[in-house]
Amino acid sequence: MLPKYTLPALAALGFAFGVFSVIRGNQPIPIAQPVAEPANSPFPSFIAGAGIVEAKSQNISVGTPLSGIIQQVTVKVGDKIKAGDILFRIDDREALAELGVRKANLAKAKAAVGEAEASVNDTRNMLELIEAVTDRRAISKEDLDRRRNAHTIAKARLESARAQVLQNEAELAATQTTLDRLVVHAPVAGEVLQVNIRPGEFAPASAGNTPLMVLGNLDQLHIRVDIDENDAWRFRKEGRAVAYLRGNRNFKTDLKLVWVEPYVIPKRSLTGDSTERVDTRVLQALYSFDRASMPAYVGQQMDVFIEAPDASATLPSMPKPGTAETRS
Amino acid sequence: MNHIALKMLMGDRGKYLGIIMGLTFASLIMTQQPAIFVGLMSRSFSFISDLGLPDIWVMDPKVQFIDDVKPLQDTKLYRVRGVAGVKWAMPLYKGLLKARMADGTFQTCNVIGLDDATLIGGPPVMLEGKLEDLRRSDGVIVDIDGAIDKLAKPSKIKGGKPEPLKIGDTLELNDKRAIVVGIAKTTKTFQSQPVIYTTYSRAVRFAPRERKMLSFVLVKAMPGENIPLLTRRITESTGLAAYTQQEFKDLTWGYFMKNTGIPINFGISVTLGFIVGAAIAGQTFYNFTLENLRQFGVLKAMGTSNWTLLRMILLQAILVGLIGYGLGVGLTALFGYAMRNTIMAFKFPWQLLVFSGFGVTLICVFAALISIRKVIKLEPAIVFKG
Amino acid sequence: MNGQSTAAVRCKSVVKTYDTGGDKVVALGGIDLEIHMGELMMLVGPSGCGKTTLISVIAGILDQDSGSCEVFGEDMLHMRSNQKLKFRARNIGFVFQAYNLLPSLNAVENVSVPLIINGVKRQTAEYRAAKVLEQVGLGARGKSLPSQLSGGQQQRVAIARALVHDPKLIVCDEPTSALDHETGHTVMELLKDVALHDDRALVIVTHDSRIFGFADRIARMDDGHIDKVVDSSDKL
């Protein structure tokens, strides 16, 4: 039958198995390590914000003064351009046709001036002829008046014809201007960052969602940092600031404050989504940084830390939020 | 005398086995039922345990438990980041989204959005693929249980077994395309829904449009930072609730304890197990003593002291207690081992060993006490009566 | 040979009454008895005459109400319970009518129990027990459980148990009543031959008249009194 040690042995075995499954079943769950180490602030007390890289000139969204079909795009993305370089042309056939009409009109008006001048000469000769007759009885008073009036009218006609020429010249210039406006030039020197038009597309003169072309001066880049309005009071212009590249915190750069947008604006989502979701307002500060210190591209997001006084340590005369006020 | 006590106990095989069976049963019930209970309850916060990296969870102050997501404004992330003592703070999206399967059925999934750059908060164990693969466009990582079961593709043959989801398969999340780039192992959650990991911005794109999308902010404290103090500081300066990982677990656990019938149900079965075990073991042990009363009388007449007899009975009680306890614990562990790959919730922390040990001790002490009382009051003169 | 001078047991006007729900039953009504060393004393009498009560008092299991009962010059009534237990364990051997062997222990283990109670190590105790078992003629059955032994054999094991720690007084309660005549005779011979010697007294309670012949003296009891004590040589 059952040897006397069977049950105690089984029990010891059972307990050992229990302990084993306790140990095995309660091993700590492995911790998933981050793919990239997150950036962290080098300052003990700071404001964190999302920054976006933009060109120093800010990013210029080029528009067109006149709507029309694109005829030619003369630059590519990445082209370095000087101020005044042609960016693109809009279909100018209508304006050219009008130019022809205007030129013909001018020529016609100029011809009309010659005609009027001839008419003035003719009438003056006729008038001088009759005025040379000394015997007043030989000529009728009526004939003299008629010839005098005809000369006056001819002079007025000449003035009118001359005015017509001036008008046609002005009209020609206007058409020429229109023609010039159909060619869009670079307003500043810089780089073409984005081209959203191709020949044959319609370029509206109104402000659209997508700019026709984006220009910027990439010689120096700026970082525009959004600071939550709730943290804005802690922002100090003299505070040091550091930006980290997302995805690799080894790329960091010191920032120099350029200016602070004086107007607090509704947050345009810098964190990815194009549409407005959040009804918070942000203070925007612009910082410059040394381009050589990190491979940053315009439009890229950064994690920015700005040195700021501790939330609880500033303005000792004011009650600490959440303690003195809520108690008592 | 100990030898004699043990011989006496084991000599009566029927009773010996009866006592041990009673105690084994009691110990089994008192270990296995709480193990299921603890397993079930720990699923309520398994998501928090799985996410071991952050020290602190920041959320809306009205959040009651992990699945009770009350989204925050995106800028709150930066406010939390700006609190002194915070090493880093990362966004986490957590929401239930409907996945449409190849055969047109819908399955609600737990979608987790991780910070795009660091992918902090990823699954603890990757079975296939890498976490970095989430950076591929439309990439998602699916947990293995979901991939095998709820999100499995219907079989090509009619009535065949569904095929598990593999890397490269596509899913439809809220009418948007998602590609499986990895399979992960996660701890089962309370609702046992499939878990889908993706990046934060992608999760926001998958999710229906809402004004606020940020579910949680995960915070790591600076080394050496006093974490409870930091949680208070975060709460003070942002007005959000900040919990340490343990606090958040406790919050979730407490919610389930208070708002579900689970603790009562298991409490009752554990109590019943204790009572039945105590009744069987106590009764049999007492019977055993009664039956051996004459033998105790003989020993007493021959000059054995009450103290020695008491020690003998205690020894007997301890032995059956240990054996019953060991067998019960062993059977529980066996049960857990057998059920390890099923949907069954089972968790065996060391506290349960102590708990059932305490329960068995209580039963044995109770059984020994009533027996000892009988033996001490015994008049040895009975041995002269035929 | 007969140690008249040394009294193993000396009882003087021992009184014992039982309280059974208000009625007082007098079990012993003033017993005077002396048992000498080297003597086999039999207590005989009808059922309920108080023989069992008397040996219980002698063995220190019951306390008398009045009178004195000295065993080897000491009255256990005045001992503390621990001393009493030790005294009993050392000096008194018991043989019971129902053998009262522990059923889960084999013969050797059963015999070794009194030694173990006296604090002898188990190995030594079992070694000595086996020797005593040989003396009672059961050397070969040491490993047998009581249930595997016949009544006579069990009683012999019980006698070995009463002898093993070499007590000075052996108290036997109806040692033969459960046995047939022949076996009873063997058991009594064994008691007389092996157990009895100059340095030991035997008290046997019995009403089995067939074994009266083994007694040195017989005390007849009735109703709590000793009617008379006769020498067996006198014959009744």
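Modeller: A crossing is left-handed if the near helix is turned anticlockwise from the far one by less than a right angle, right-handed if clockwise. This model is predicted: local features need pLDDT of at least 70, side-chain atom pairs 80 or more, while totals for chains, interfaces and linings use all residues. Residues count from 1 along each chain as written, with chains lettered from A and ligands numbered from 1 in written order.

Colleague: Which hand is the crossing of helix 1 of chain A and helix 11 of chain B?

Modeller: Left-handed. Helices here are DSSP runs (H or I, at least four residues), strands likewise (E, at least two), numbered from the N terminus.

Colleague: Switching to chain C. Is helix 1 buried or exposed?

Modeller: Buried, 8 of the 8 residues, so the rest of the structure largely encloses residues 51-58 (20 or more other C-beta atoms within 10 Å). C:Lys51 is one of them. Just after that helix, C:Gly60 has a positive phi of about 80°.

Colleague: What's the strand order in the open sheet of chain C?

Modeller: 6-7-8-3-9-10, with mixed pairing (at least two DSSP bridges). Strands 6 (92-95) and 10 (225-231) are the edges.

Colleague: How many bridges join strands 7 and 8?

Modeller: 5, and the strands run parallel. C:Leu169 sits opposite C:Ala201.

Key. Buried ≥ 20, exposed ≤ 12 C-beta atoms within 10 Å, placed from the backbone.
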